[in-house]
Amino acid sequence: MVKRIKMRTLLIGGCITLFFLVLVIRIFFIQIVNKEFWTEEASGLIEREQTIKASRGSITDRNGNVLATDAPAYTVSVNPLLINELGIEDEVTSRLSSILGKNESEMRAIVTAKKPDNGGFYAQREVRSEGYKIGPDLQAKVNEFREELQEKYKARNAIVMTQESKRYYPEETLASHLLGYMNRDGKAVNGLEVSYDDVLTGTDGHLNYQKDAKGIKLPGSEDTYLPPKNGKTLKLTIDDTIQYYIEDAMKEAVAKYNPLSMTVIAADPNTMEILGMANWPTFNPNTYGETPDQKNFINHATQSIYEPGSTFKIVTLAGAVEEKLFDPNATFESKRVYIGGYPISDNGHAYGWISYLEGVKRSSNIAFVNLGYNMLGGDRLRHYIDQFGFGKKTGIDLPSESASPIKPLVYKSEIATAAYGHGLVQVTPIQQVAAISAIANGGKLLTPHLVKEIINPNDGTTEVIKPKEVRQVISKESSKLVSGYLEQVVADQTIGTGRNAYIEGYRVAGKTGTARKWDGKEYSKSKDVVSFIGFAPVNNPKIAMLVLIDQPSGANIGGGTAAAPVFKKIVSQTLQYWGIPKETVSTGNSKTKAAPVIQSKAPDLIGKTAKQARSQLLNAGIAYETLGQGENVIRQYPAAGSLMNPGQRIYLLTEESSKMKIPDLKGSSLRDALEVLSLIKVGVTVKGEGFVVKQTEQVSGEQRTVQLVLQTAKAAVTGIADDAPDSSDAAVDKNAEDSKSDATGQGEEANQSNQNDASSSDTESSEGKQTDSSLP
């Protein structure tokens, strides 16, 4: 008995010893041999990495108004497992379909979705695509339904919403072709969203911490935090007010002419900053999926190629002036001519013997055939076509820019038709705007661009995009002469083809164009591309613009009748918006019209939302600036009912804040500047008299002070102090004599060239249409 007990004791002791031995060996392997492996396994169980999403950079206009930004979005999912357990399939399907606008049968398939392997219901299924990244309005409705489910069945989690973000375009269709859009998968499509995707895209951050089994952070855990780097902000060159003027005028023209498409581009000719660019048809980037036709996404301004017609004559004219071949007083005969066996006329007209300046005013094909074919010749004409940038991309910062290489001008007919914008000449609208800007700015071809500044929100730095000069195309003196000739096209109210672009009180230069479309075999007799290109004011160009209408409906529709009035409306609104004063201008009919000074009363905007106030002011053509980030207008200047001068802007205060951004007051009178600064409670010091030309902000503690430097209008324009002797009249008289002398010399040379090289004379057309032939 005792022996058995001893044996059992020995056996049990041995087992225990063996167990402890195995345990020790196991612990040894875990803690020593496989230490790194198990450490990593343990870390994976207790450590959690949380991604912190970076925000995509915003896009604003030149005044800081937001055009594109990230906004909260919510993705809707359903729990088929819970829905099936509670038997609420029909209710969820019906209500959720109604809220999201999804087909009910498709919704039922999601609500009853089962796993293919075991036939069990899924625990979560996203409602694509109607429930993907919905906005706050729909989210509120879904949440309301969730609360109903909670009250009835304790089933709030039958529907789950995940907060995300999506791209939001607060101005909807405004500048949509410039901006592009982000698709639902977060991929940039078209526009600046694509070309600056790497700049706008931020870098996600992360947070590493230790957690328990329930996911709660452990006290005393070591955290690793890497902050996200948000995308950079793009401040564009466009002004959303000018963009509004453009799109509003386009809507009127589209309603009147029902064209195939329409394009308008406005730029600062001195920098080639794009002030506005729009196309029709258009689309809303917030609802891009609802766009009925893919053609709506085409940015015709940079992607469409066409024969420009008579607007291209600015190149021939500039080349002839630069080569001193153009004499405005020399004459030619406007009649049908044959070049290379093909007939060319002035739209079927024959004006007889007229001057070349009259030929420019009438947009005479024969005049420009003489200038381009007979005087310049093929090589020099091609030189200026290349110099003005045609045949190559401009380099604008938009994706998918087009350019049609221009083949060598070999045959006589090719040279002749190129001289007035037909045949082998193929251009894009943005190339045309760059060319007219070179004539306006003193002969410099500049690279057009849309981004003015790139702002880094992570460190506060700003990269300023400066104008890029490509080359000097013509001399400054030649550009002034060409500008003067193009001004006559608009100012002459009797024969000038651009007379419908005339703006009372401003000097406008421009050129009309009406080009027959090539249908693959011949030039169509019913399909035209009509356009107007120009700039203003001639003496100090601020804006250059092209208006292009493809296939307008109606009889006798040309660039002068359809496109020029659109140009007039947009440019006149813009010059008033900028506060550029009017002057007395001769119309070319020896009749001087004085611009009437019309005063309007400031509307009452207090209490209205900023959006309502903006809409009212835009429709009334009144310039404005919003101060603050509030939703409603709390004060305004000028006060409601006050008389406003032409070009004066209204300032709208939307919040009380000591850190509010101080607006740009340059060009304002001292009184206006003081009133505006008093609105935002900023101290003022003044130096000089007249109008504000410079402002400097100074901060001392919590008190902000702005120093205003003032200068009289005369000193600002001429650079001459008010007490200096006025020599402007003498200078004008001397310039006039110089111009007369130059013109006479050019005329002799041009006439001699014409006698030697030209076989016969010329004809003119009111719009520059080619109706007699379809030259290759």
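This is a predicted model: local features need pLDDT of at least 70, side-chain atom pairs count only at pLDDT 80 or more; totals for chains, interfaces and linings use all residues.
**Ground rules.** I number residues from 1 along each chain as its sequence is written, and side-chain values use heavy atoms, with hydrogens and water left out. Local features need pLDDT of at least 70 and side-chain atom pairs count only at pLDDT 80 or more, while totals for chains, interfaces and linings use all residues.

**Cavity.** I searched the whole structure and found 1 cavity of 30 Å³ or more. On a 1 Å grid over the protein atoms alone, a cavity is a set of points where a 1.4 Å probe fits but cannot get out; lining residues have an atom within 4 Å of a point. Points are joined across faces, edges and corners, and a volume is the space filled by probe spheres set on them. The largest cavity holds about 30 Å³. I looked up its lining: T173, A175, S176, H177, L178, E247, M277, A278, N279 and T282. Both α7 (176-179) and β12 (273-280) supply at least two lining residues. Helices (H or I, at least four residues) and strands (E, at least two) are DSSP runs, numbered from the N terminus. I sorted this lining by class into 4 nonpolar, 5 polar and 1 charged residues.

**Pocket.** Next I turned to the second largest pocket, with about 1300 Å³ of space. A pocket is an open set with protein on both sides within 12 Å along at least five of seven lines. I count 39 lining residues, and A71, K133, S165, K166 and R167 lie nearest the centre. Among the contributors, β5 gives the most, with 5 residues. The classes here are 12 nonpolar, 12 polar and 15 charged. Ala, Val, Leu, Ile, Met, Phe, Trp, Tyr, Cys and Pro count as nonpolar, Asp, Glu, Lys and Arg as charged, and the others, Gly among them, as polar.
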